[in-house]
Amino acid sequence: QTNGINVLTGSKVLDDNFAEISAQQNSRAGINVDDGSSVSFGQTIPVTSGVISTVFGNSPDVQLTFGSHLTYISNDAFGSVSCDATALIRGPGSFTCPK
């Protein structure tokens, strides 16, 4: 009924190699990143059989607000991104916020 994962107040999430995030079919954001927090998607190619992140089917999949950051090397893990003008995004094919 709400966000799948809330990353708040300077928190950091690194999704790389053996980490797996599954956030699907949430009525709001799959991953909500706020207040200077960050989410990094490093290697989303499964290193171990069956380990891959999926953040799809949310509204949006990743939401960035109030100085939050998103880094991604490969965008295989999530679909839609919503961000305000204070958010920073880097990675191949990254875009400028707001979006």
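How many helices and how many strands does the protein chain have, and which residues have the most contacts inside the largest nonpolar core?

Reply: This is a predicted model, in which local features need pLDDT of at least 70 and side-chain atom pairs count only at pLDDT 80 or more, while totals for chains, interfaces and linings use all residues. Residues are numbered from 1 along each chain as its sequence is written, and side-chain values use heavy atoms, with hydrogens and water left out.

The protein chain has 0 helices and 8 strands, where helices (H or I, at least four residues) and strands (E, at least two) are DSSP runs numbered from the N terminus. Read from the N terminus on, the order of elements is β-β-β-β-β-β-β-β.

Of the 99 residues in the protein chain, 38% are buried; buried means under 20% relative accessible area, exposed means over 50%, and partly exposed lies in between, using a 1.4 Å probe and protein chains only. In soluble globular proteins, nonpolar side chains tend to be buried together. A nonpolar core is a set of buried Ala, Val, Leu, Ile, Met, Phe, Trp, Tyr and Cys residues joined through side-chain atoms within 4.5 Å. The largest such core here has 19 residues, and those with the most contacts inside it are I31, F41, L64, L70, F78 and I89. Two or more residues of this core come from each of β3 (31-33), β4 (38-41), β5 (62-64), β6 (69-72) and β7 (81-83).

A contact means heavy atoms within 4.5 Å. Across the protein chain, among contacts with a separation of 6 or more, 62% join residues 24 or more positions apart.

The peptide bond from S59 to P60 is cis, with omega near -5°, and P60 lies in the loop between β4 and β5. Another cis peptide bond joins C97 and P98, with omega about 5°, and P98 is found in the segment after β8 (88-90).

T9, in the loop between β1 (5-7) and β2 (12-15), has a positive phi near 50° although T9 is not a glycine. T9 has a relative accessible area of 61%, so T9 counts as exposed. Q25, placed in the loop between β2 and β3, likewise has a positive phi, near 60°, and Q25 is exposed because its relative accessible area is 65%.
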